[in-house]
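Take a look at the model first.

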Amino acid sequence: MNCVHHHPRARSLTQALKYSCNPYFYRVLQTVVEQVPDSLAQPADTCAVQRQNLMAWTRHVKSFGLDTLLGVDVPRESPGFIPTAAYYDRRLGPCNWTYGNIYSLSVGQGEINLTGLQTANVLATIANRGYYYTPHFVRAVGSSGAPLPKFREKHRTLVDSVHFAALIPGMVAALGRGGTADLASLTDVGISVAGKTGTVQNDEGDDHATFAGFAPANQPKIVVAVYIEAAGYGGLSAAPCAALIMEKYLRGKIAPKRKRWEGWLRCGNLAEQGH
Ligand SMILES: [Zn+2]
């Protein structure tokens with residue numbers, strides 16, 4: 001894929017994740033939305049085909065707990081939003097939209113709304129290779145030693161578990177040399193982190209910075225999602241925040257080389273400092 005960034009061409013999913021290369025993901029969604037089923041030998045009704053394809057995409061995406069209340073045991077949860085074919089029919093007119101109207105969905109922009117909790121839950125689902133438990137703060141009730149039954153139920157996504165492994169090399173490479181989040185690497189203390197940066201366009205000021213990831217990459221124990229408003233590029237502020245939380249959780253302490261980040265975070269200006 002060609003793009004306007006200064007990085008090697010993203011020839012694979014791994015490189016597209018490592019360099020956070022939007023055009024690669026645009027093309028993936030285009031393939032999904034415009035594909036014509038083999039069963040249609042005749043020139044297809046493109047409107048019906050793309051409606052059906054987008055509906056299938058929406059079903060799969062929602063199976064990750066999006067566009068719904070997850071059911072966390074704290075009040076005031078928001079459902080977020082994932083647009084449907086019916087939504088675009090209403091907004092743009094039936095059959096009056098194409099891939100060109102919806103391509104931003106492929107990089108999590110456009111009409112998509114996710115809560116921070118949902119972002120973390122998607123990463124937990126990837127870490128689990130295809131399922132999640134409803135997030136909960138209460139670990140055990142009474143003498144049972146276990147959370148309520150509804151928090152012990154596995155929610156499986158519509159994506160087969162074999163497909164999740166393909167994401168991991170790119171999510172690890174994002175924190176490797178040349179990756180968008182290489183600042184946040186914890187390899188110096190023997191921890192491999194898998195994650196993805198995000199830079200959220202903001203019409204009213206500086207971009208919002210995000211990062212979500214889990215560690216250790218091959219045997220995940222913690223997922224962290226960070227969202228910092230108006231902090232610019234996700235790799236410079238959100239990813240280091242997440243790395244500090246993961247390191248503290250997994251090691252109980254912060255390595256000397258990251259002590260100054262800890263200081264910046266404490267005084268609330270990590271975003272300004274960048275690195
Ligand atoms: Zn690129």
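Is phenylalanine 81 buried, partly exposed or exposed? Phenylalanine 81 is partly exposed, with a relative accessible area of 27%. Buried means under 20% relative accessible area, exposed over 50%, and partly exposed in between (1.4 Å probe, protein chains only).

This is a predicted model: local features need pLDDT of at least 70, side-chain atom pairs count only at pLDDT 80 or more, and totals for chains, interfaces and linings use all residues. Residues are numbered from 1 along each chain as its sequence is written, and side-chain values use heavy atoms, with hydrogens and water left out.

**Aromatic rings**

Eight aromatic pairs are counted. Rings of Phe, Tyr and Trp (its six-membered ring) pair if their centres lie within 6.5 Å; planes under 30 degrees apart count as stacked, over 60 as edge-to-face and the rest as tilted. Two of the pairs are tabulated.

| Pair | Centre distance | Plane angle | Class |
|---|---|---|---|
| Tyrosine 24 and phenylalanine 25 | 5.4 Å | 75° | edge-to-face |
| Phenylalanine 81 and tyrosine 87 | 5.3 Å | 65° | edge-to-face |

Tyrosine 24 and phenylalanine 25 are both buried. Tyrosine 87 is buried too, at 18%. Ring pairs link Phe81, Tyr87, Tyr88 and Trp97 into a cluster.

**Cysteines**

The model has one disulfide, a pair of cysteine sulfur atoms within 2.5 Å. Cysteine 47 is joined to cysteine 95, S to S 1.7 Å. The torsion about their S-S bond is about -70°, so the disulfide is left-handed. Cysteine 47 is buried at 16% relative accessibility. Cysteine 95 is partly exposed at 46%. Cysteine 241 is buried, with a relative accessible area of 7%.
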